[in-house]
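Please consider the model shown below alongside its sequence. The paragraphs that follow lead through its elements in turn.

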Amino acid sequence: AKDEARMYGIWVDGELRGGTIFRVWDTRMRACEVGVWLEPGVTGRGLINKAVTHMIDWAVCVRGMHRVEWQASSANKPSLAAAQRLGMTRDGVLRQSVELGGERHDIEVWSVLADEWRNRT
(Lines give C-alpha, C1' and ligand atoms only; values in the text may rest on other atoms or scores of the structure.)
Protein backbone atom coordinates (compact mmCIF):
# COMPACT_ATOMS: atom_id res chain seq x y z
CA ALA A 1 0.00 0.00 0.00
CA LYS A 2 2.99 2.33 0.45
CA ASP A 3 4.14 1.96 -3.18
CA GLU A 4 7.46 0.49 -2.16
CA ALA A 5 9.41 -2.66 -2.90
CA ARG A 6 7.54 -5.82 -1.89
CA MET A 7 8.50 -9.47 -1.43
CA TYR A 8 6.30 -12.53 -1.91
CA GLY A 9 6.95 -16.15 -0.97
CA ILE A 10 6.67 -19.20 -3.18
CA TRP A 11 5.41 -22.04 -1.04
CA VAL A 12 5.59 -25.68 -2.10
CA ASP A 13 3.86 -28.30 0.05
CA GLY A 14 3.63 -25.83 2.92
CA GLU A 15 7.33 -24.86 2.84
CA LEU A 16 8.88 -21.59 1.70
CA ARG A 17 10.98 -22.63 -1.30
CA GLY A 18 11.43 -19.40 -3.21
CA GLY A 19 10.29 -15.86 -3.63
CA THR A 20 9.63 -12.96 -5.90
CA ILE A 21 10.16 -9.29 -5.28
CA PHE A 22 9.35 -5.91 -6.69
CA ARG A 23 12.90 -4.71 -6.03
CA VAL A 24 12.18 -1.30 -7.51
CA TRP A 25 8.75 0.34 -7.58
CA ASP A 26 8.64 3.85 -9.03
CA THR A 27 5.10 5.16 -9.54
CA ARG A 28 6.30 8.54 -10.81
CA MET A 29 8.26 6.92 -13.66
CA ARG A 30 5.72 4.06 -13.91
CA ALA A 31 8.55 1.53 -13.85
CA CYS A 32 9.39 -1.40 -11.63
CA GLU A 33 11.87 -4.25 -11.41
CA VAL A 34 11.04 -7.85 -10.54
CA GLY A 35 13.47 -10.29 -9.00
CA VAL A 36 13.25 -13.97 -8.08
CA TRP A 37 14.92 -16.80 -6.20
CA LEU A 38 14.10 -20.47 -6.07
CA GLU A 39 15.61 -23.47 -4.30
CA PRO A 40 17.22 -25.94 -6.73
CA GLY A 41 14.93 -28.79 -5.63
CA VAL A 42 11.80 -27.10 -7.01
CA THR A 43 13.09 -25.74 -10.31
CA GLY A 44 11.58 -26.80 -13.63
CA ARG A 45 7.97 -26.61 -12.43
CA GLY A 46 7.07 -23.24 -13.94
CA LEU A 47 6.77 -21.65 -10.50
CA ILE A 48 8.74 -18.52 -11.39
CA ASN A 49 6.92 -18.04 -14.68
CA LYS A 50 3.52 -18.37 -13.01
CA ALA A 51 4.36 -16.09 -10.08
CA VAL A 52 6.00 -13.36 -12.16
CA THR A 53 3.20 -13.45 -14.74
CA HIS A 54 0.77 -12.57 -11.93
CA MET A 55 3.09 -9.83 -10.72
CA ILE A 56 3.46 -8.25 -14.15
CA ASP A 57 -0.29 -8.52 -14.80
CA TRP A 58 -0.95 -6.65 -11.56
CA ALA A 59 1.79 -4.05 -12.12
CA VAL A 60 0.70 -3.29 -15.69
CA CYS A 61 -3.05 -3.87 -15.70
CA VAL A 62 -3.98 -2.76 -12.17
CA ARG A 63 -1.27 -0.30 -11.14
CA GLY A 64 -0.55 1.22 -14.55
CA MET A 65 3.17 0.49 -14.75
CA HIS A 66 4.64 1.19 -18.19
CA ARG A 67 7.91 -0.76 -17.91
CA VAL A 68 8.84 -3.89 -15.97
CA GLU A 69 12.54 -4.76 -15.74
CA TRP A 70 14.44 -7.94 -14.93
CA GLN A 71 18.18 -7.87 -14.15
CA ALA A 72 20.44 -10.88 -13.86
CA SER A 73 24.08 -11.85 -14.12
CA SER A 74 25.07 -12.92 -17.62
CA ALA A 75 26.31 -16.12 -15.96
CA ASN A 76 22.83 -16.92 -14.55
CA LYS A 77 21.45 -18.79 -17.57
CA PRO A 78 18.25 -20.03 -15.84
CA SER A 79 17.33 -16.46 -14.86
CA LEU A 80 17.96 -15.15 -18.37
CA ALA A 81 15.86 -17.98 -19.80
CA ALA A 82 13.02 -17.08 -17.41
CA ALA A 83 13.07 -13.46 -18.61
CA GLN A 84 12.91 -14.68 -22.18
CA ARG A 85 10.02 -17.08 -21.43
CA LEU A 86 8.13 -14.13 -19.93
CA GLY A 87 8.40 -12.34 -23.27
CA MET A 88 10.94 -9.77 -22.17
CA THR A 89 13.45 -8.13 -24.49
CA ARG A 90 17.15 -7.91 -23.71
CA ASP A 91 17.90 -4.18 -23.47
CA GLY A 92 21.61 -4.43 -22.87
CA VAL A 93 24.48 -5.31 -20.56
CA LEU A 94 25.91 -3.37 -17.63
CA ARG A 95 29.50 -4.53 -17.94
CA GLN A 96 31.14 -5.71 -14.70
CA SER A 97 28.64 -3.68 -12.70
CA VAL A 98 28.24 -6.03 -9.72
CA GLU A 99 30.74 -7.82 -7.52
CA LEU A 100 29.65 -11.23 -6.25
CA GLY A 101 31.97 -13.56 -4.40
CA GLY A 102 34.97 -11.39 -5.15
CA GLU A 103 34.36 -11.52 -8.89
CA ARG A 104 32.93 -8.84 -11.19
CA HIS A 105 29.80 -9.80 -13.16
CA ASP A 106 28.08 -8.36 -16.19
CA ILE A 107 24.40 -7.68 -15.51
CA GLU A 108 21.87 -8.10 -18.30
CA VAL A 109 18.85 -5.82 -18.30
CA TRP A 110 15.64 -7.22 -19.76
CA SER A 111 12.25 -5.52 -19.92
CA VAL A 112 8.70 -5.70 -21.12
CA LEU A 113 6.59 -2.63 -21.87
CA ALA A 114 2.91 -2.35 -21.00
CA ASP A 115 1.68 -2.52 -24.61
CA GLU A 116 3.89 -5.56 -25.30
CA TRP A 117 2.57 -7.29 -22.19
CA ARG A 118 -1.08 -6.61 -22.99
CA ASN A 119 -0.65 -7.74 -26.62
CA ARG A 120 1.34 -10.92 -25.97
CA THR A 121 -0.02 -14.16 -27.35
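Residues are classed by relative accessible area: buried means under 20%, exposed over 50%, and partly exposed in between, with a 1.4 Å probe and protein chains only. Helices (H or I, at least four residues) and strands (E, at least two) are DSSP runs, numbered from the N terminus. The model is predicted, so that local features need pLDDT of at least 70 and side-chain atom pairs count only at pLDDT 80 or more, whereas totals for chains, interfaces and linings use all residues. Residues are numbered from 1 along each chain as its sequence is written, and side-chain values use heavy atoms, with hydrogens and water left out.

In helix 1, the buried residues are Ile48, Val52, Thr53, Met55, Ile56, Ala59 and Val60. An α-helix has 3.6 residues a turn, so residues three or four places apart point the same way. Gly64, which follows helix 1, has a positive phi, near 75 degrees.

The strands may be taken next. Strand 1 and strand 2 run antiparallel and are joined by 7 bridges; two strands pair if DSSP finds at least two bridges between them. Although Asp13 is not a glycine, its phi is positive, about 50 degrees. Because its relative accessibility is 77%, Asp13 counts as exposed. Gln96, in strand 5 (residues 89-100), is likewise not a glycine and has a positive phi of about 45 degrees.

Leu16 belongs to strand 2 and, at 40% relative accessibility, counts as partly exposed.

What can be said of the cysteines? A disulfide is a pair of cysteine sulfur atoms within 2.5 Å, and the structure holds 0 disulfides. The sulfur of Cys32 has its closest cysteine sulfur in Cys61, 12 Å away, and therefore too far for a bond. Cys61 is accordingly in no disulfide. Cys32 counts as buried because its relative accessibility is 2%.
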